[in-house]
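Hi there,

Here is the structure I promised to pass on to you. Please open it and keep it beside this email while you read.

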Amino acid sequence: MASTASAIQAPKGTRDILPAESARWQAIERIARELATLYHFDEIRTPIFEHSELFHRGVGETTDIVSKETYTFSDREDRSLTLRPEGTAGVVRAVIEAGLLNDQGARVKVFYIGPNFRCEKPQKGRYRQHHQFGVETLGIAEADADVECILLQMEFYRRCGVKDLALRINSLGDAESKQRYRDALVKFISPAASTLSEESQRRLASNPLRILDSKDERDIKAIRGAPPAAEYLSEASAKHFTRARDLLGKANVPFTVDGTLVRGFDYYTGIVWEVTAAGLGAQNAIGGGGRYDNLVEMLGGRATPGVGFGSGLERLLIALEEQGVAIDTRQRPLVWLVSLGDAARDANWQLMQQLRAAGVRCDMDPTGRSAKSQFKLADREKAAWSVTTGDSELAGGTVSLKNLASGEQTSVPRDQIVAKLQSV
Ligand code: HAM
């Protein structure tokens with residue numbers, strides 16, 4: 001009888017990763033873990049909710065992400081908590097709290113894979129819960145650390161097989177450079193302030209750099225000919241930017257310098273970068289990062305430089321699909337145990353435990369259905385091999401092994417089947 005209760009749907013902007021899809025997720029997560037480990041980054045896992053203040057202070061009160069997109073709620077004791085919209089602030093908070101930066105000259109290199117929450121308008125490649133693979137390097141001020149992150153990120157895409165990538169970089173410089181550039185930009189835009197979009201008119205006072213990032217035609221027109229950030233860099237910031245470009249060149253990583261690239265967080269202080277990929281449509285940023293030399297101090301730690309990136313995993317999978325790239329999901333072949341009668345079923349139950357203990361991926365139908373139904377199920381579950389046991393096999397101490405793709409069938413002594421299947 002059909003249920004009378006109405007079915008509950010997932011919240012808008014969220015997606016279930018169903019069994020048919022999860023092998024692809026595991027594959028890219030495996031590549032991320034292996035690669036991060038190779039570059040000497042260790043994994044960190046932080047809570048998905050934090051005190052709201054962390055994001056207000058860290059990411060920035062006036063950023064769209066904090067002012068419009070966070071999921072913020074009061075818990076039962078009326079504390080304001082926020083689902084993390086990104087990974088960096090929580091990582092920095094955890095590293096300070098655990099005292100990992102306490103020793104003079106301490107450095108921390110960590111990576112993470114996990115969900116983030118932003119209440120944005122959902123569209124292709126933009127969700128309210130999305131996942132990122134990210135890395136953060138704390139305690140290294142040199143541009144070498146920025147470039148190490150970029151190389152890791154680009155190698156991640158290469159190993160996943162994604163093509164048609166474009167890396168853009170820019171530098172807004174340290175706090176002093178950023179302030180000078182901000183003043184210059186306000187001076188440049190102010191005469192045309194009334195022609196800006198309503199949003200950018202507000203930004204002109206609160207966060208003028210974000211106007212550079214606007215997709216609104218009116219804003220694009222108003223900033224045409226605006227001075228590039230590079231002209232306002234302090235000597236130290238300019239030197240850092242030059243070294244990063246040199247190192248990228250030496251590593252043969254193609255990139256373009258984009259003077260209008262600003263990213264949506266207040267914590268960035270120097271180089272910022274973004275990678276776009278073909279096949280993603282409007283939401284084509286597959287990952288981005290940058291330097292944040294003031295964040296540790298802003299969150300109550302000792303002044304420590306930092307740099308890192310975050311890469312959207314949904315967008316990576318969409319790009320791979322749109323580009324027709326097959327992912328190596330590398331699962332072991334599935335073996336299906338078929339039982340003809342109750343005695344065979346009991347024997348297969350034992351055999352299944354032995355096979356699993358030996359690392360052979362296997363399963364069986366315990367319902368006592370006909371051999372035909374069991375083979376049908378094996379087919380539906382995409383088994384590669386079947387092992388059939390009936391009364392005659394039990395009496396003779398054998399099993400019947402079948403390659404389900406070729407149909408080839410052989411009789412194998414029961415005491416050799418585990419070793420045999422270990423080697424297929
Ligand atoms: P972000 O650019 O906001 O940076 O996000 C990184 C990546 O996450 C984006 O390039 C995109 O691929 C993906 N992403 C962001 N929002 C969504 C969404 N709503 N739906 C699907 N994918 C999304 C950060 O989060 C910084 N914490 C990166 C960083 C780390 N900077 C320094 N360290």
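Let's start with Arg-84, which is buried yet has no salt bridge. Glu-50 is the nearest side chain of opposite charge, and it is 6.5 Å away. A salt bridge would need a side-chain nitrogen of Lys or Arg within 4 Å of a carboxyl oxygen of Asp or Glu. Please keep in mind that this is a predicted model.

To find Arg-84 on your screen, look in the loop between β4 (80-83) and α4 (88-97). What lies 3.1 Å from a polar atom of the side chain of Arg-84? That is the backbone oxygen of Thr-46.

Next, go to helix α5, residues 143-160, where you will find Met-154. Is Met-154 buried or exposed? Its relative accessible area is 17%, and buried means under 20%, so Met-154 counts as buried.

The largest share, 4 residues, comes from α6. By type, the lining of the second largest pocket has 10 nonpolar, 7 polar and 5 charged residues.

Enjoy exploring, and write back with any questions!

Best wishes

Key:
Residues are numbered from 1 along each chain as its sequence is written. This is a predicted model: local features need pLDDT of at least 70, side-chain atom pairs count only at pLDDT 80 or more; totals for chains, interfaces and linings use all residues. Side-chain values use heavy atoms; hydrogens and water are left out. Helices (H or I, at least four residues) and strands (E, at least two) are DSSP runs, numbered from the N terminus. Ala, Val, Leu, Ile, Met, Phe, Trp, Tyr, Cys and Pro count as nonpolar, Asp, Glu, Lys and Arg as charged, and the others, Gly among them, as polar. Buried means under 20% relative accessible area, exposed over 50%, partly exposed in between (1.4 Å probe, protein chains only). Lys and Arg count as positive and Asp and Glu as negative; His and the chain ends are not counted. A polar contact is a pair of N or O atoms within 3.5 Å; within protein, one must be able to donate a hydrogen and the other to accept it, and residues adjacent in sequence count only if both atoms are side-chain atoms.
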